[in-house]
Amino acid sequence: VQLQASGGGLVQPGGSLRLSCAASGSIVSINVMGWYRQAPGKQRELVATITSGGNTNYADSVKGRFTITRDNAENTVYLQMNSLKPEDTAVYYCKAVIRRTGSYHLHDYWGQGTQVTVSS
């Protein structure tokens, strides 16, 4: 099982970016999918999560600005980021809780991280 994230980049304050993360491999089902971020010198923090049923959860710092969605048919999660601020600068990681073929247990999988830089 692999998670491939994409969509990061450099954007000016107030701008927008859309991150994508696609899961592939021997997947039976995906439970929660989400985005986390880690800024230099800081711990990794939760940004947003979404269940298979579409229930979402957001960090207070991004509520009203970021939107998480997912395409269950494509095993893909998205993060639409609007009104970006310099403090949103970080490496963004996707995570998925997956049941893979041949296992009855759920496992956490992480994407490779994509850099988001908000600067003028």
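Glu 45 is partly exposed, with a relative accessible area of 36%. On this scale, buried means under 20% relative accessible area, exposed means over 50%, and partly exposed lies in between (1.4 Å probe, protein chains only). The model is predicted: local features need pLDDT of at least 70, side-chain atom pairs count only at pLDDT 80 or more, and totals for chains, interfaces and linings use all residues. Residues are numbered from 1 along each chain as its sequence is written, and side-chain values use heavy atoms, with hydrogens and water left out.

Start with the charged pairs. Side chains of opposite charge can pair when their charged atoms come close. Here a salt bridge is a side-chain nitrogen of Lys or Arg within 4 Å of a carboxyl oxygen of Asp or Glu. The structure has five salt bridges by that rule. Glu 45 takes part in one of them, with Arg 37, at 2.7 Å from N to O. Arg 37 is buried, at 6% relative accessible area.

Next comes Asp 88. The side chain of Asp 88 forms a salt bridge with that of Arg 65, again with an N to O distance of 2.7 Å. Asp 88 lies in the loop between β8 (76-81) and β9 (90-100), and Arg 65 in the loop between β6 (56-58) and β7 (66-71), so the pair ties together parts that are 23 residues apart in sequence. Strands such as these are DSSP runs (E, at least two residues), while helices are H or I runs of at least four; both are numbered from the N terminus. Asp 88 is buried, with a relative accessible area of 0%. Arg 65 is buried too, at 10%.

Lys 95 and Asp 108 make another salt bridge, with their closest N and O atoms 3.5 Å apart. Lys 95 lies in strand β9 and Asp 108 in strand β10 (residues 106-110), so this pair links parts that are 13 residues apart in sequence. Lys 95 counts as buried at 16% relative accessibility. Asp 108 counts as partly exposed at 47%. Elsewhere, salt bridges that share partners join Arg 37, Glu 45, Arg 65 and Asp 88 into one network.

Now turn to the rings. Arg 44 has its charged end over the ring of Tyr 93, 3.7 Å from the ring centre. Arg 44 also lies over the face of Trp 110, at 4.7 Å from that ring centre. A charge sits over a ring if NZ of Lys or CZ of Arg is within 6 Å of the ring centre and within 35 degrees of the ring normal.
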